[in-house]
Amino acid sequence: MNQEWWKQSVVYQIYPRSFKDSNGDGIGDIKGITQSLDHLQNLGADVIWLSPVYRSPNDDNGYDISDYRAIMDEFGTMRDFDEMLIEAHARNIKIMMDLVVNHTSDEHPWFIESRSSKSSPYRDYYVWRPGKNGGPPNNWGSFFGGSAWEHDPATGEYYLHLFSRKQPDLNWENPQLRREVYDLMTFWLDKGVDGFRMDVVNFISKDQSFGDGVVGDTAYGDGGPHFTNGPRIHEFLHDMNQEVLAKYDTITVGEMPNVGVEEAKLYTAKERQELNMVFHFEHVDVGNGKFGKWSPQPWKLTDLKTIFTRWQKGLEKQGWNSLYWSNHDQPRAISRFGCDSEEYREISGKMLATCLHMLKGTPYIYQGEEIGMTNVQFESVNDYRDIETLNTYRDYLAAGLLTHGEMMKAIHERSRDNARTPMQWTDAEHAGFTAGQPWMAVNPNYRYINVEAAMRDQNSIFYYYQKLIRLRKENPVIVDGGYELLLDDHEQIYAYTRTLQEDQLLVICNFSAERPLFTLPEGLTRTRAELLISNYEADDEEDFRSFRLKPYEARVYRLK
Ligand code: NOJ
């Protein structure tokens with residue numbers, strides 16, 4: 001592998017709490033992951049992105065860390081972790097840790113010290129401000145409801161928390177804090193981990209004037225413009241790169257809400273030495289309404305194509321794309337972008353996989369996507385566990401912004417818990433995820449959607465992903481080829497070419513249950529084509545230059 005092995009890799013994300021429980025306590029754990037590594041090797045995954053496994057009181061399922069150098073009790077021990085790392089590496093699978101350093105838990109010793117007195121040496125590790133006019137320092141709302149500031153009686157000041165009040169924001173202006181972060185990164189890299197996915201890392205540099213945000217449809221102001229891609233962000237990331245990352249051979253991806261292509265170039269251009277790639281949100285936000293994902297609207301394929309094309313072209317010469325349909329914060333890909341009916345679930349899942357894996361960039365597969373897991377529709381809000389879902393439900397109903405019915409509909413479509421129901425391994429009780437009571441109920445469709453069933457069926461989504469990953473390894477055009485969009489205003493078909501010198505692939509995906517006609521645009525003059533992969537039985541007689549697509553059909557041709 002060359003130096004930029006992460007460009008040729010496929011990443012598989014594990015949300016440990018929901019992946020595999022080895023000890024019957026109902027919570028996924030590290031031993032469970034180790035036991036499941038063969039599944040990932042069989043799939044062909046090169047890298048695991050491991051959502052946080054550090055010690056945490058679990059206000060936000062591990063995204064609130066109280067000790068960066070210890071493993072969460074429910075997940076096991078550091079020994080378990082070391083063993084998992086050895087076993088993963090033995091299978092040529094790398095491990096990318098989740099680095100959550102925009103905030104810690106309020107139970108982290110730094111914060112306990114920080115809140116104890118204004119003169120504590122740790123005071124300045126966090127963002128403290130006096131109140132204004134008997135209220136918080138400014139009008140920013142938190143992503144998880146309420147004000148982004150919490151009054152702390154011990155010293156009479158407020159601390160900033162962009163997420164829950166148990167997730168105080170770190171103060172990156174403080175050089176000592178930055179050094180602490182570099183040290184903890186070094187601790188994990190010295191252990192042998194292979195890189196980091198960095199949680200909301202484009203929020204770490206706050207505009208120090210802390211001005212009010214614009215008030216929209218909720219009671220709070222939008223602080224976003226004051227802390228997103230903030231004044232010192234590139235300085236901080238470049239410094240982190242030079243102090244830590246450049247000394248190791250790593251893969252890095254920054255999770256970045258509200259990042260655009262131009263900014264992403266700055267984050268990912270090789271010569272700037274910051275990160276390898278970013279996760280942007282533009283495509284997963286299509287169809288967001290007045291209250292964002294809580295008032296979902298129908299979305300248009302042309303919008304999705306415009307977004308993907310902007311990123312494909314924008315990062316063509318500089319930087320690198322990450323490619324994803326889903327993760328632990330998003331609904332299930334098939335339910336969101338395909339069709340989860342019995343008739344089309346598998347076929348649309350394969351179509352989505354084709355569309356994404358043929359683009360230029362590093363593809364990410366979220367656990368369960370490889371067997372076509374879908375959204376869940378729990379009837380009662382009490383069956384949900386996610387802090388964002390529960391707080392928004394409570395706040396929106398209390399403020400009269402949405403009704404119970406509207407909110408449940410939005411939860412069924414877009415709640416993060418759609419992705420967090422336990423991984424479906426078998427058709428046994430609780431989907432073979434646990435021998436105990438699962439921390440969150442399994443999706444009742446585990447009876448027919450599970451790993452065991454997928455392994456038995458040669459035609460399953462699993463084997464289709466396996467083939468897509470193999471194709472990536474065998475065809476440099478998939479990694480390095482240029483991208484051109486075809487039929488740009490078509491509302492059902494997403495078609496594009498990938499070209500590397502003489503080698504040219506044609507990718508055709510039908511995003512609808514209809515049978516639209518595909519006609520090869522005039523500019524493409526090659527007359528012969530070899531089918532590389534398709535989600536229906538191939539019909540060799542058909543002329544690839546003009547044919548009707550079947551519902552959710554996908555085909556990839558090599559043009560000759
Ligand atoms: C983004 C993470 O992906 C999400 O799960 C978490 O709640 C927030 N950042 C806060 O850490």
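Two exercises follow on a predicted model.

The model is predicted, so local features need pLDDT of at least 70 and side-chain atom pairs count only at pLDDT 80 or more, while totals for chains, interfaces and linings use all residues. Residues are numbered from 1 along each chain as its sequence is written, and side-chain values use heavy atoms, without hydrogens and water.

**Exercise 1.** Determine how helix α5 packs against helix α7.

Solution.
1. α5 covers residues 175-191 and α7 residues 233-243; helices are DSSP runs of H or I with at least four residues, numbered from the N terminus.
2. The helices pack at an angle of about 45 degrees, with axes 10 Å apart.
3. α5 and α7 are therefore oblique to each other, given that under 35 degrees is roughly parallel, over 145 roughly antiparallel, 65 to 115 roughly perpendicular and the rest oblique.
4. α5 passes α7 in a right-handed crossing (the near helix is turned clockwise from the far one by less than a right angle).
5. R178, R179, Y182 and M185 of α5 and F236, D239, M240 and E243 of α7 make the contact (heavy atoms within 4.5 Å).

**Exercise 2.** Describe the overall build of the protein chain.

Solution.
1. The protein chain has 16 helices and 22 strands (strands: E, at least two residues).
2. Its C-alpha trace spans about 80 × 50 × 50 Å along the principal axes.
3. Of the 560 residues, 61% are buried (under 20% relative accessible area, 1.4 Å probe).
4. Among contacts between residues at least 6 apart in sequence, 71% join residues at least 24 apart.

Key: Axes fitted to C-alpha atoms, helices over the stretch in contact; angles between N-to-C directions. Buried < 20%, exposed > 50% of the residue type's maximum accessible area, 1.4 Å probe, protein only.
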